[in-house]
Amino acid sequence: MTGQGQLNQRMRTFWDRLAWAFGDLHRHLVERGLWPARSLELVSTTGERWLLTGTRLRGGKSTRKPAGLLIPEDDCLWGVAQLPDMPRKALGPAVEEALWRASPWPRDQIVSAWRGYPDAQGGWMVEWGVCRSSRCDEWRSAQGLNNEAPLFLARTNAALVVQTKSMSASEKRYGLIQGVLLLCAIFTVAAVATPAVMPLVLEREAVRKAVRHIAAQEPLSVPIRANLDVLRLHADLANELHASMGVDLPLASVIEALSQTLPDDTWLDRIDLNGREIKISGMTANATDLLALLARNPSLSDVRASVASVRDAALNKERFTFEMRWRIEESKP
């Protein structure tokens with residue numbers, strides 16, 4: 001079999017299983033009263049009254065004329081047949097052939113009923129039952145039913161209908177009515193659910209529209225994003241410059257303060273300014289006294305020697321290196 005043929009076979013099998021599943025679900029709903037359906041009044045061969053809903057049997061006490069004859073399970077012959085995989089519509093002829101082989105009586109002398117379900121291993125499992133047609137006619141006459149009254153075979157609290165031409169036409173009409181009811185139920189559920197679902201649909205559409213808008217604007221935003229990065233860099237640089245301007249030392253004031261503080265026997269070799277940090281180095285007669293003198297200046301703070309003082313024997317002076325901070329808030333204008 002070609003690949004296309006295998007695909008077609010799988011699709012047919014899938015739709016057959018799906019149709020059977022919906023039919024079985026419909027049967028369960030009908031038998032539990034969750035789907036509108038008419039119950040049939042049956043009479044057994046012993047005169048007992050029964051109500052049939054779907055395939056479910058339950059006792060009844062109606063005095064109306066029964067619509068069919070229920071044949072007890074003990075008066076029937078039951079069996080199970082395993083059929084290969086085939087279309088669901090071909091089950092009827094396949095079951096007829098299986099009954100022709102399995103029935104102890106000729107096919108024209110029996111009535112039969114069956115139900116099939118998919119087999120987990122593939123194919124179909126069919127449960128069938130047969131009964132002598134001559135005895136069925138006798139039972140009909142005994143219960144006052146005509147020869148066209150439908151027959152049902154009892155099977156463990158259930159009943160299977162005996163298929164005849166009249167029953168097939170009736171089932172087609174019943175299936176059409178059930179299809180109309182199903183469409184009405186679908187339209188009703190859709191009408192009820194639409195107001196509840198509509199906000200979600202609108203919200204989803206709004207989200208999709210926003211995503212499409214963002215996707216359309218994304219290429220246009222690339223040059224703008226680059227310009228924003230440049231502006232952000234310039235803004236950071238301007239902030240740094242502004243902060244530096246706020247902490248820049250007044251050089252003239254620093255020089256004047258150092259000139260007034262340093263004694264006459266002291267001179268400076270180097271002055272480094274970094275923000276509010278001041279670093280000076282030079283020669284003096286006594287580095288310790290100079291350090292104490294600078295510490296008493298109100299414009300300076302955190303005065304300390306960064307390296308140890310070294311005495312120059314030739315000049316009879318000490319070489320020093322001091323670090324300090326400028327007190328802007330306390331400096332005079």
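View 1. V201 belongs to helix α4, which spans residues 165-217, in what is a predicted model. Together with V197, M198, L200 and L202, V201 makes up a nonpolar patch on the surface, and the accessible area of these residues together is about 450 Å².

**View 2. The open sheet of 6 strands.** The strands follow the order β3-β2-β1-β4-β8-β9, and their pairing is mixed. At the edges stand β3 (56-59) and β9 (159-161), each of which has a single partner strand, so one side of each is left without a neighbour in the sheet. From one strand to the next, the twist averages 35°. Strand β1 (residues 40-44) and strand β2 (residues 49-53) run antiparallel and are joined by 4 bridges, and within this pair L42 stands opposite W50 of β2.

**View 3. Strand β8 and its two partners.** Strands of a sheet pair through backbone hydrogen bonds, either parallel or antiparallel. Strand β4 pairs with β8 in the parallel sense, over 3 bridges, and here L70 has F152 of β8 as its bridge partner. The pairing of β8 with β9 is antiparallel and likewise rests on 3 bridges, with L160 in β9 as the bridge partner of L153. Between β8 and β9, which form a hairpin, there are 4 residues, and T156 in the turn has a positive phi of about 45°.

**View 4. The side chains of β8 and the helix across the strands.** In a regular strand the side chains alternate between the two faces of the sheet. In β8, L151 and L153 point one way while F152 and A154 point the other way, and all of these residues are buried. Helix α3 (residues 133-142) lies across β4 (68-71) and β8 (151-154), and the helix runs at about 125° to β4.

View 5. Strand β5 runs antiparallel to strand β7 (residues 124-132), to which 7 bridges join it, and L77 stands opposite V130 in β7.

**View 6. R107 in the loop between α2 and β6.** The loop that holds R107 lies between α2 (91-102) and β6 (110-118). R107 has a relative accessible area of 22% and is therefore partly exposed. When neighbours within four places in sequence are left aside, R107 is in contact with E96, L99, W100 and S112.

**View 7. Strand β14 and its partner strands.** Of the 10 residues of β14, 7 are buried, so this strand is largely enclosed by the rest of the structure. Strand β11 (residues 277-284) pairs with β14 in the antiparallel sense over 8 bridges, and I280 stands opposite F322 in β14. Strand β12 also runs antiparallel to β14, joined to it by 4 bridges, and in this pair A305 stands opposite F322.

View 8. Strands β13 and β14 pair in the antiparallel sense over 3 bridges, and the bridge partner of D312 in β14 is K317. The two strands form a hairpin with 4 residues between them. N316 is found in the loop between β13 (310-312) and β14 (317-326), and its phi is positive, near 60°, in a residue other than glycine. With a relative accessible area of 55%, N316 is exposed. D302, which is not a glycine, also has a positive phi, of about 55°, but D302 has its place in strand β12 (residues 300-305). The relative accessible area of D302 is 49%, which makes D302 partly exposed.

Key: Residues are numbered from 1 along each chain as its sequence is written. This is a predicted model: local features need pLDDT of at least 70, side-chain atom pairs count only at pLDDT 80 or more; totals for chains, interfaces and linings use all residues. Side-chain values use heavy atoms; hydrogens and water are left out. Patches are made of residues with over 30% relative accessible area and no salt bridge: like charges are joined within 9 Å, nonpolar side chains (Val, Leu, Ile, Met, Phe, Trp, Tyr) within 5 Å. Accessible areas come from the Shrake-Rupley method with a 1.4 Å probe; for residues, only the protein chains shown count as cover. A salt bridge is a side-chain nitrogen of Lys or Arg within 4 Å of a carboxyl oxygen of Asp or Glu. Two strands pair if DSSP finds at least two bridges between them. Axes are lines fitted to C-alpha atoms, for helices over the stretch in contact, and angles run from 0 to 180 degrees between N-to-C directions. Contact means heavy atoms within 4.5 Å. Buried means under 20% relative accessible area, exposed over 50%, partly exposed in between (1.4 Å probe, protein chains only).
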